Amino acid sequence: MSVKTWRQALVACYNLLLRLYPPGFRAIFQDEIQSVFLQTISDASRQGVLAVAKVFLRELIDLPAAVFQEHRRERSANNVSQAKIYEEPIPKLTRHEVFLAFAVFLIPTGLVLLNASASPLVTTFVPPTILVLVLAGCVVGLIKRFPRWSLPYYGLVISGFVFLFLFQGEAQRISALLSSKFVMQPHDELGRLLLVAFWDGMVWFTLLALMAFTFMLLSIIPGFRPLIQRLWDDWTRLSYLLYGSSVLALVMIYDAYQYPAVFDLLIITCLAAGAWGYLRSSSPSNRFLALLSGLTVSILMTWAGKWIILMPEAWIRWFQPDSLQASQWFEPQQTLTGLIWMVVVIALPYLLRIIPRPRTPAL
Amino acid sequence: MTNPVNFAILDMSFTDTSTGAVLEEEANINPSEDIQNYIPLREPTFFILLSLASGPRHGYVIMKDTDFMSDGRVTLSTSTLYTALKRLLEQEWIRREDDLSDPENGRERKVYSLTDLGRRILEAEVERLDHLVYTAHGRAVGKSA
């Protein structure tokens, strides 16, 4: 094989290897690198095959490190530019918007009051107030093209449907089915906890699937495309929407314990503080951190409430007729498994970042 | 062994001191403080900047120049050269321009040249090396005579 043939083969091979570089790097330097390599090889070929082989070997040795370095740099540059895309100025909220942003956290409190109180005044006024608030939040959100503060309303509506209608009816049937599949010992608290954790996970993933299905349907309607696009652009919006679902979930978790009004108030205050932190943060990581903090502190409060305060007799009878201690162990742990699921669910929208986003002129 | 070409290049590059004041304003860098953060330079970077000190050059010429100036000790592959050039471009130590005078297959070839910042960093590095050599000579190390 002549030196010329060698040279041509090596240049072709090198051109193929250049494809290993990231596209951004190739777009700028590929032609130049090819030209310089060709000149280097041409120079070396005057000194024989050995010199050509030496040049090519040097390239082969240096190439992996250079390719790795460029991919790493391109990736970090993309992360920085993506972070800049997601970075948003903190919106200025009007007084009404601030009220509506926090009203969503008052709705579950109303439900607790309704449940606890036998007063005709409460039973008369609380349900229509809740309905009006939910409708107002959803309608104003729709008119204003789904600003951040309105998202928990939609989460609340979907979770209300899932928790109160879809799973309430099915709960007994599925519980019976699970109990028949997994035969447990009378004091197998761990087994029961795993079963409850599985059940919790099923509820949350049903909610998530229902949301995904709803958004798929909404994406067909042109009026809802801004919402879909915004959710796609900033994954924390979806997390915030799901945060709205956790409001109802938490109040339901702390239902029928001692001093529910006090604890519910504390839980909801923590959630509202998380929401405020979310609305006042400009970067996605801070927004997510605010939600995570709100959720964690409120659940830990629920956990402490269950752990410290003795449960009403009715609950003890329902869970473990003969063991107060067992219930005291089981109930707080169940709350913590709930926390794990909630954190997983509000963190899941992060996966949207991995899926390539449709490019829009705005970006 | 000292390569006389190196000093010739250096002399050419450091004669122009009139732009110094303008640069400081443009780059907004405190010369005594921030430039020191960039040095010492790695050897390939130093030779690339040194190669560009005498004027704009093509990638291939930079490779050859580096090989020559280092007496064959630093031989850049195209991968190493262009990774370094990209980094230097991003740091704005060098700039990339079309070489209108020398088209290749109908396209303008690209040439690289030092920016004011790059030149100042190179000057600082040479000063540092100069000081090291001066100190070593003061202790009667490395004197040829």
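Which residues in α2(A) meet which residues in α6(B)? To answer that, let us first get our bearings. This is a predicted model, in which local features need pLDDT of at least 70 and side-chain atom pairs count only at pLDDT 80 or more, while totals for chains, interfaces and linings use all residues. Residues are numbered from 1 along each chain as its sequence is written, chains are lettered from A and ligands numbered from 1 in the order in which they are written, and side-chain values use heavy atoms, with hydrogens and water left out.

Start with chain A. It holds 13 helices and zero strands; here helices are DSSP runs of H or I with at least four residues, strands are runs of E with at least two, and both are numbered from the N terminus. Of the 363 residues in chain A, 44% are buried. Buried means under 20% relative accessible area, exposed means over 50%, and partly exposed is in between, using a 1.4 Å probe and protein chains only. Contact means heavy atoms within 4.5 Å. Among contacts in chain A between residues at least 6 apart in sequence, 76% join residues at least 24 apart.

Now turn to chain B, with its seven helices and two strands. Buried residues account for 41% of the 145 residues in chain B. Among its contacts between residues at least 6 apart in sequence, 60% link residues at least 24 apart.

In α2(A), the residues A:F25, A:F29, A:E32, A:I33, A:V36 and A:F37 meet B:T78, B:Y82, B:T83, B:K86 and B:L89 in α6(B). Two packed helices are described by the angle between their axes and the distance between the axes. Axes are lines fitted to C-alpha atoms, for helices over the stretch in contact, and angles run from 0 to 180 degrees between N-to-C directions. Helix α2 of chain A, residues 23-45, packs against α6(B) at an angle of about 140°, with the axes 10 Å apart. That makes α2(A) oblique to α6(B): angles under 35 degrees count as roughly parallel, over 145 as roughly antiparallel, 65 to 115 as roughly perpendicular, and the rest as oblique.

Helix α2(A) also packs with α5(B), at an angle of about 45° and with the axes 9 Å apart. That makes α2(A) oblique to α5(B). Here A:V36, A:Q39, A:T40 and A:D43 in α2(A) meet B:G59, B:Y60, B:M63 and B:K64 in α5(B).

Stay with α5 of chain B for a moment, as B:T66 is found there. Is B:T66 buried or exposed? At 0% relative accessibility, B:T66 counts as buried. Not counting residues up to four places away in sequence, B:T66 touches B:F47, B:I48, B:V74 and B:L76.

Next, look at the nonpolar cores. A nonpolar core is a set of buried Ala, Val, Leu, Ile, Met, Phe, Trp, Tyr and Cys residues joined through side-chain atoms within 4.5 Å. In the largest one, which has 58 residues, A:F105 and A:F215 touch the most other members. Helix α9 of chain A, residues 235-253, gives the most to this core, with eleven residues. Leaving aside neighbours within four places in sequence, A:F215 is in contact with A:L227, A:I228, A:L231, A:L238 and A:L241. Apart from that core lies another, of 49 residues, among them A:F25, A:I33, B:I48 and B:M69.

Finally, follow the backbone of chain B. The peptide bond from B:I39 to B:P40 is cis, with omega near 5°, and B:P40 lies in the loop between α3 (34-38) and α4 (43-52). B:D71 is not a glycine, yet it has a positive phi of about 55°; B:D71 sits in the loop between α5 (59-69) and α6 (78-90) and is exposed, with a relative accessible area of 52%. B:E92, also not a glycine, has a positive phi of about 65°. B:E92 is placed in the loop between α6 and β1 (94-104) and is exposed, at 55% relative accessible area. After α7(B) comes B:A140, whose phi is positive, near 60°.
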